[in-house]
Amino acid sequence: MRILLLLMNEQGAVDERTYRALLAVREELPMRQRPTPAEVREIARRQALLLRADRAAAVRGLAIIFAAPKDRAMAEAVLRKAAEMVGFRIDPSPRGPLARLLSPEEEAAGVA
């Protein structure tokens with residue numbers, strides 16, 4: 001959810017379109033792992049607070065959470081599908097925002 005907040009709104013805020021995308025992500029989860037809509041709102045609120053408190057650390061954490069290639073691929077697929085459902089296009093290129101969020105160290109190494 002943190003990635004989606006960053007992709008759809010640079011400040012990590014939740015507007016109506018972002019919330020619909022979060023609910024779309026929820027629908028992609030297996031039933032046993034699917035949070036309720038109230039839980040989605042609470043998770044989004046906490047993630048938005050984290051992004052406002054320490055955006056750099058929150059972004060670094062994404063690379064750790066999605067370090068395994070299969071986790072990363074799953075996250076990318078779900079995010080693209082959720083974004084498409086609300087009319088938001090995610091740049092799939094290696095230099096696009098999703099790639100940069102999932103690999104901030106690689107981006108920094110390329111800049112140096």
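Predicted model: local features only at pLDDT ≥ 70, side-chain atom pairs only at ≥ 80, totals over all residues.
Contact here means heavy atoms within 4.5 Å. Keep that in mind for every touch I mention.

Let's start with R26. It sits in helix α2. Is R26 buried or exposed? Its relative accessibility is 15%, and buried means under 20%, so R26 counts as buried. What does R26 touch? Leaving out residues up to four places away in sequence, R26 touches R34, P35, T36, P37 and V40.

Which residues does R17 touch? With residues up to four places away in sequence again left out, they are M8, V86, G87 and F88. Take F88. R17 and F88 are 71 residues apart along the chain. Their C-alpha atoms are separated by 8.8 Å.

On to the helix itself. Two packed helices are described by the angle between their axes and the distance between the axes. Here the pair is α2, residues 16–28, and α5, residues 69–85. Their axes come within 8 Å. They cross at roughly 135°. Antiparallel would need an angle over 145, so α2 and α5 are oblique to each other. The crossing of α2 and α5 is right-handed.

Who makes that contact? From α2, it is A21, A24, V25 and E28. From α5, it is V78, K81, A82 and M85. By class, the contact of α2 with α5 has 6 nonpolar residues and 2 charged ones. There are no polar residues in it.

Last topic, the core. How many residues are in the largest nonpolar core? There are 30. Which of them touch the most other members? I3 and L7 do. Six helices each supply at least two residues of this core: α1, α2, α3, α4, α5 and α6. For orientation, α1 is 2–8, α3 is 37–53, α4 is 55–65 and α6 is 97–102. The largest share, 6 residues, comes from α1.

Look at I3 on the model. Setting aside residues up to four places away in sequence, I3 touches L62, F66, L79, L98, L101 and L102.

To recap. Helices α2 and α5 cross at roughly 135°, with a right-handed crossing. In the largest nonpolar core, I3 and L7 touch the most other members.

Methods: Residues numbered from 1 in each chain as written. Heavy atoms only, no water. Axes fitted to C-alpha atoms, helices over the stretch in contact; angles between N-to-C directions. Helix = DSSP H or I, 4+ residues; strand = E, 2+ residues; numbered from the N terminus. Parallel < 35°, antiparallel > 145°, perpendicular 65-115°, else oblique. Left-handed = near helix turned anticlockwise from the far one by under 90°. Nonpolar A, V, L, I, M, F, W, Y, C, P; charged D, E, K, R; others polar. Core = buried A, V, L, I, M, F, W, Y, C linked by side-chain atoms within 4.5 Å. Buried < 20%, exposed > 50% of the residue type's maximum accessible area, 1.4 Å probe, protein only.
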